[in-house]
Amino acid sequence: MTIAVTGAAGKTGRAVLAALAELGVPTRALVRPGRPGSTSAVADLGATETVTADLADASQVAAALSGASAAYVIAPNVHPDEPSLVANVLAAGVPRVVYHSVLHPSVEAMPHHWAKARVEEALLASDLDWTVLQPCAYAQNLRVPADAVLRVPYSVDARFAFVDLLDVAAVAASVLTEPGHSYASYQLAGPELLSVADAAVLLGVRAERQNINEWYLDTPLRGYARDALGAMFAYYDEHGLVGNPRVITALLGRAPTAVADVLARASERPE
Ligand SMILES: NC(=O)c1ccc[n+]([C@@H]2O[C@H](COP(=O)([O-])OP(=O)(O)OC[C@H]3O[C@@H](n4cnc5c(N)ncnc54)[C@H](OP(=O)(O)O)[C@@H]3O)[C@@H](O)[C@H]2O)c1
C-alpha cells in the first residue's frame, strides 16, 4: 500500500502526511519541481518517497502516481485551473481517490469554491472509488498579527465554523486507511461558530474591518487569485461560512478541537 499526497509540501499536505506517518502508512509525497526545500520538508515529516510533478503536466502526474494504491488530492490554493489540474490526477489510474474540497463548494459566488464543485461533479461521473472531504477555513489561519490588529476586509461579526487542520488531517488519514468511506462527501466544520471579533478576543488583539477597496489596492495578488479572494470576502461579509460539527464528531469519535485550544497550542508550538 502506498498513499500518494499531492500538494504535499503545503499547509494541508504537511498535516496529512504527518497524520499518515503517525499511522505508519507508506506515503509518496508529490511536490512541485524545482523546490528542494519542499523535498526535505516532506522527508522530515516522514514521507516514505518524494517525487516531483507539476500538476498541470499530465504525463508528470501519471508517472508520479504510478503504482500508488490511493491518492489524497490537494489542489493548489485558489488556482485558476483547479478542475483541469485535478483531472490530470483522476486520469492517472489510481483506483482510490480522496479529494480535499471545501465547505459549501456549491456557492457559485465564490469561484474557487465553485471550481471544487466542478471537480466533485467529475468524481461523481468517474469510475473511481472516491471520497470527498469538505473542510471549513482552518482555525490555524487565525494568527497574532505583527501590529496586534486582526484586520479583515469583511464584517468582523460574520460567523465561521473554523476547523482544526489537525482534526481534518486525522479524518483524512482514517478515510484513506479504513474501509467504508466510498462515495461519501463529508462536511468538516469546527465545534462552534466564531467571528473574527471573537477570535481577536481569544488572541488578545483588536479586530478591525478593512475597506474592501483598500484590500484590492494593497494586495500583491493579481488576476484570478485577487478576484476569487475578493469575491470570497464579499460572500463572507454577508454570510460568513457556517457549518455543523456532527459529521466530524462521528468521524473522529470525539468532539472536534475548539478554536481556543488550537490557538493555545499554536502559541506554545507554532504549527
Ligand atoms: N487554507 C484553508 O483554510 C483551507 C480550507 C479548506 C480547503 N482548503 C483547500 O486546501 C487546498 C490546499 O490549501 P493550502 O492552504 O494547504 O495551500 P498551500 O499551503 O499553498 O499548498 C498548496 C501546495 O500546492 C503546491 N503547488 C502549487 N502549484 C502547483 C503545481 N502546479 N503543481 C504541483 N504542486 C503545486 C504548492 O507548492 P509550493 O510549496 O511550491 O508553492 C504547495 O505546496 C486548497 O485547494 C484550498 O482551497 C484550504
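These legends accompany close-up views of a predicted model.

View 1. Let's start with the surroundings: 23 residues surround the ligand, and the closest are Lys11, Thr12, Arg32, Arg35 and Lys116. By residue type, this shell divides into 11 nonpolar, 7 polar and 5 charged residues.

View 2. Zoom in on Arg32, where an N or O atom of the side chain sits 2.8 Å from an oxygen atom of the ligand. In the side chain of Asp54, an N or O atom is 2.9 Å from a nitrogen atom of the ligand. Asn77 also has a polar side-chain atom here, 3.4 Å from a ligand oxygen atom. On its own the ligand has 910 Å² of accessible area, and the protein covers 83% of that.

View 3. Helix α3 spans residues 58–65, and its residues Val61, Ala64 and Leu65 are buried. Looking down the axis of α3, you will find its buried residues within an arc of 90°, so they line one face of the helix. Ser59 and Ala63 are exposed, on the face of α3 turned away from its buried side.

View 4. The partners of the buried α3 residues are the strands β1 (3–5), β2 (27–31) and β3 (49–52), together with helix α4 (82–90).

Definitions and conventions. Residues numbered from 1 in each chain as written. Predicted model: local features only at pLDDT ≥ 70, side-chain atom pairs only at ≥ 80, totals over all residues. Heavy atoms only, no water. Near = heavy atom within 4 Å. Polar contact = N/O pair within 3.5 Å; in protein donor to acceptor, adjacent residues only side chain to side chain. Areas by Shrake-Rupley, 256 points an atom, 1.4 Å probe, with all protein chains shown as cover. Nonpolar A, V, L, I, M, F, W, Y, C, P; charged D, E, K, R; others polar. Buried < 20%, exposed > 50% of the residue type's maximum accessible area, 1.4 Å probe, protein only. Helix = DSSP H or I, 4+ residues; strand = E, 2+ residues; numbered from the N terminus. Arc of directions from axis to C-beta. Contact = heavy atoms within 4.5 Å.
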